[in-house]
Amino acid sequence: MSRQVLRTAVLGLGRIAWQYHIQAIIKHDGFELIAVVDPLMERRLEAAGEFKVAACYAATEEMYAAHKPDLVVIASPTAFHKSQILEAFEHECDVFCDKPLALSLQDTDEILAAMNQSGRKLMVYQPHRGTSETAAIKWILESGLLGEIYMVKHAISNFDRRSDWQAFRKNGGGMLNNYGAHYIDQFLYLNNAGFSRMFCELRTLVTSGDAEDMVKAIFTAKNNVIFDLDINMATGQPIQPWFIGGNCGTAVFNPAETAWELKYFIPGEMPEIKPQNGMAAVNRVYGSVEVIPWKTQILRQSDFPPLDFYAKCYDYYAADSTPFVPVAETREVMRVIEQCRNCLI
Ligand SMILES: NC(=O)c1ccc[n+]([C@@H]2O[C@H](COP(=O)([O-])OP(=O)(O)OC[C@H]3O[C@@H](n4cnc5c(N)ncnc54)[C@H](O)[C@@H]3O)[C@@H](O)[C@H]2O)c1
């Protein structure tokens, strides 16, 4: 039996479509790029020239009038996702949508209801599930070297005064939707336990728009692991990107070396410790001054190959495998994002 080729249309010819989706579609022999849609003429001409796409349209209606794609990849600004997903389902197309799925949890639920009613497939592009970084963190968490994990702390810091559509709330902009959707999904994927408590502060600091460019959030997972997330676009100096804490050691990421540095002890090698008696610290000494038998280990991130996301897409859309990003997990990301916005009293 010949292998199915998914006839694919891409909506939006911006950063993520150009740098990722179209390149991945062209590279994978299970996909055929049959059409693109973007309201900007110069981008359509560019796509026709660079990717040899003959069918370039200014609007989705024109594209559907001429084609019936198997799959529509939505890489347009977030505010268009919902209407474009519903339209694709009406035309009996499956959808691969970039994150975040929609502007709100209510829109998410309407999309999921339409998906169920139409019987079409939907998956959201959450690339961080497939990165080398995620694979390395998974290895660290599962190795047991750090003992019982109590915290995963992640910081994305930069100085970036946004001025594009993502700087504005009405467009679904802001760093909670933008980067938050990635890292909340990544943590939920890695931890697999769901959150029981959360705290979130959003600030608008240096952006030219009205959407937040600083997010400080703390989530406690049901298995008690704390996920501490900083997204800060107003920093002159970097915040340490990763800290993973367990009761037998820690891991940090060294960006200069693109490597993880682990420092831990083996519980059985630790000297015995006895509580002091009385209410006077012995010898007026601060701390326990014991010598810890630390071990160190370096993990090169390059030793953890990234996943091919479009291979996962093919498995789901063409071969009926379980989706790599199930919609229930996408709904949870959207619910958490909405809860973060509601944290203000
Ligand atoms: N998964 C990721 O790593 C990742 C990275 C970047 C962006 N994104 C998401 O992808 C989406 C697009 O972001 P971007 O950074 O590529 O935006 P962008 O501003 O670079 O590009 C948006 C493109 O969509 C076009 N467009 C505008 N209205 C349209 C419409 N109605 N139909 C079709 N195209 C339309 C614009 O002309 C432009 O070419 C957003 O939802 C964003 O959150 C995801």
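1. Ala, Val, Leu, Ile, Met, Phe, Trp, Tyr, Cys and Pro count here as nonpolar, Asp, Glu, Lys and Arg as charged, and the others, Gly among them, as polar. By these classes the shell around the ligand holds 13 nonpolar, 5 polar and 6 charged residues.

2. The model is predicted: local features need pLDDT of at least 70 and side-chain atom pairs count only at pLDDT 80 or more, while totals for chains, interfaces and linings use all residues. Residue numbers start from 1 along each chain as its sequence is written.

3. The protein is assigned domain 1 (6-128 + 308-320) and domain 2 (132-305); such bounds come from an automatic or database domain assignment. Taken over C-alpha atoms, the centres of domain 1 and domain 2 are 33 Å apart. The contact between them takes 8 residues from domain 1 and 10 residues from domain 2, where contact means that the C-beta atoms of two residues, placed from the backbone, lie within 7 Å. The side of domain 1 that touches domain 2 has 4 nonpolar, 3 polar and 1 charged residues.

4. Back to the ligand. There are 24 residues around the ligand, and G12, G14, R15, S76 and D98 come nearest; a residue is near a molecule or strand if its C-beta atom, placed from the backbone, lies within 6 Å of it. Helix α1 (residues 15-27) gives the largest share of this shell, 3 residues. Domain 1 and domain 2 each supply at least three residues of the shell.

5. Helices (H or I, at least four residues) and strands (E, at least two) are DSSP runs, numbered from the N terminus. An open sheet of 6 strands is ordered β3-β2-β1-β4-β5-β6, with parallel pairing. The edges are β3 (56-57) and β6 (122-125), each with a single partner strand, so one side of each has no neighbour in the sheet. Two strands pair if DSSP finds at least two bridges between them. Strand β1 (residues 6-11) and strand β2 (residues 31-37) run parallel and are joined by 6 bridges. A9 has A35 in β2 as its bridge partner.

6. Helix α8 (residues 309-317) lies across β1, β2, β4 (71-74), β5 (94-98) and β6, and runs at about 175° to β6. Axes are lines fitted to C-alpha atoms, for helices over the stretch in contact, and angles run from 0 to 180 degrees between N-to-C directions.

7. E212 sits in the loop between β8 (195-203) and β9 (214-221). E212 is buried because 26 other C-beta atoms lie within 10 Å; buried means 20 or more such atoms, exposed 12 or fewer, and partly exposed in between, with C-beta atoms placed from the backbone. Apart from neighbours within four places in sequence, E212 is in contact with G174, M175, L176, L202, R203 and T204. Q166 is 46 residues away from E212 along the chain, and their C-alpha atoms are separated by 9.9 Å.

8. Some backbone geometry deserves a check. Most residues other than glycine have a negative phi, and most peptide bonds are trans. K99 and P100 are joined by a cis peptide bond with omega of about -15°, and P100 belongs to the loop between β5 and α5 (105-118).

9. E92, not a glycine, has a positive phi of about 60°. E92 is in the loop between α4 (81-90) and β5 and is exposed, with 12 other C-beta atoms within 10 Å. V289, not a glycine, has a positive phi of about 45°. V289 is in the loop between β13 (259-264) and β14 (295-300) and is exposed, with 7 other C-beta atoms within 10 Å.
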